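Welcome! Here is a short briefing to read alongside the sequence and the 3D view. Take a moment to look at both before moving on.

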Amino acid sequence: MTTDASDAVEMRSALLRLRRGTGLPVAFGGLLEAGQQMRISELSGTATHALRSLVVTSGTGLGGKTVALSRPCVVTDYSASRQISHEYDAPVAAEGLRSVLAVPVVVRHRVRGVLYGALRTALPLGGRMLDAAVEAARDVERALAVRDEARTLVAGAGAGAGPGWEQVREAHAALRALAGRITDPGLRAEVLGACALLTAGSAGSPRVRLAPREVDVLACVAAGATNAVTADRLGVTPETVKGYLRSAMRKLRARTRGEAVVAARRAGWLP
C-alpha cells in the first residue's frame, strides 16, 4: 500500500495526540512501505535526526517486534532489554532514548505502521500511557481505512467498474464522520473534497441549505445507521442527532427519515 501526503499529515497529528495524551516528550513513527519493512518518517519532540528514515524490518527491534506480533510492546531500558533484538541501538542511543513503547496501526487485520512514544530516562511506562498511545493509533487506523475506501471507489469509478450505491453511501457517511474529528484545516478540506467526489453524480448545486452536521446525520441515516450508531460515529448524543435530523427534515419538507434522505439526494447533498 502506497502512502501519500495525507497519510503523513495524519501520522504527524497522531504523534502530537500521543504526546499530549501520554505526557511523553518524544514520539515518532511511520507506515509500512513494502513487504514487512517500515520507514520512520515522522518525528515529534526529537533532538536529533538519528531516527529519521530509519528502516525497520518485521521482527527486529521494538517496532519490528510490534509489527510481527501485531500488538503493543514496551521496554523500560531499550539498550539493556532482553525482550528485543538490538539492530537499532545506535540511532536510539544517539537520540538518548531509554523507555520506549510501540503501538501498531492495524487496518483490516494488517499492520500498516507503528507509533512510538519514549522517555530519556529508564522508568516504567504505565497503562494510562499505553492506553493513550493505542487511542492515537486507532485514530490513524480509522483515517487510513476511510482513505482506502475512498481510493477504491474513485479507482473503480475511473475504470468503469462502479461500486454499488450502498458501498458509496457507507463511504460517504464514514468520510463525513471522519471530517468532523479532524482539526487540521487542510486535511479536513481534503476529506470533504473526497465527499464531494462521491456526490458528483447527484443533482446539481444544492438549493436547500443544510448545516454540515445535518448533512453528517443524513449521510449516516442514508447508510442505514440508527440514531444511536450515528451518535457514536459523530461523537454526539442521540438527542443531538434527533435535533439535527428534525431540523434537516423541516428544511427539506420531509415527514420521515426516508423522505429526508430522498430529498437530500435530489438536492445534491447525498450520493
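In helix H8 (residues 227–234), the residues Asn227, Thr230, Ala231 and Leu234 are buried; buried means under 20% relative accessible area, exposed over 50%, and partly exposed in between, using a 1.4 Å probe and protein chains only. Viewed down the axis of H8, these buried residues fall within an arc of 100°, so they line one face of the helix. Here the arc is that of the directions from the helix axis to the C-beta atoms. Helices (H or I, at least four residues) and strands (E, at least two) are DSSP runs, numbered from the N terminus.

This is a predicted model, where local features need pLDDT of at least 70 and side-chain atom pairs count only at pLDDT 80 or more, while totals for chains, interfaces and linings use all residues. Residues are numbered from 1 along each chain as its sequence is written, and side-chain values use heavy atoms, leaving out hydrogens and water.

**More on helix H8**
- An α-helix has 3.6 residues a turn, so residues three or four places apart point the same way.
- The cover over the buried residues of H8 includes helix H5 (165–181), helix H7 (212–222), helix H9 (238–252) and helix H10 (257–266).
- Just after H8 comes Gly235, with a positive phi of about 75°.

**Nonpolar cores**
- A nonpolar core is a set of buried Ala, Val, Leu, Ile, Met, Phe, Trp, Tyr and Cys residues joined through side-chain atoms within 4.5 Å.
- The largest one has 27 residues, of which Leu210, Leu218, Leu252 and Leu270 touch the most other members.
- H5, H7, H8, H9 and H10 each supply at least two residues of this core, and its largest share, seven residues, comes from H7.
- Apart from this core lies another, of 24 residues, among them Leu32, Leu43, Val114 and Tyr116.

**Glu95**
- Glu95 sits in helix H3 (residues 89–95) and counts as buried because its relative accessibility is 3%.
- Not counting residues up to four places away in sequence, Glu95 touches Thr46, Ala47, Thr48, Leu51 and Arg120; contact means heavy atoms within 4.5 Å.

**Gln37**
- Gln37 belongs to strand S2 (residues 37–39) and is partly exposed because its relative accessible area is 41%.
- Leaving aside neighbours within four places in sequence, Gln37 is in contact with Leu32, Val55, Val56 and Thr57.
- Gln37 and Gly113 are 76 residues apart along the chain, and their C-alpha atoms are separated by 9.4 Å.
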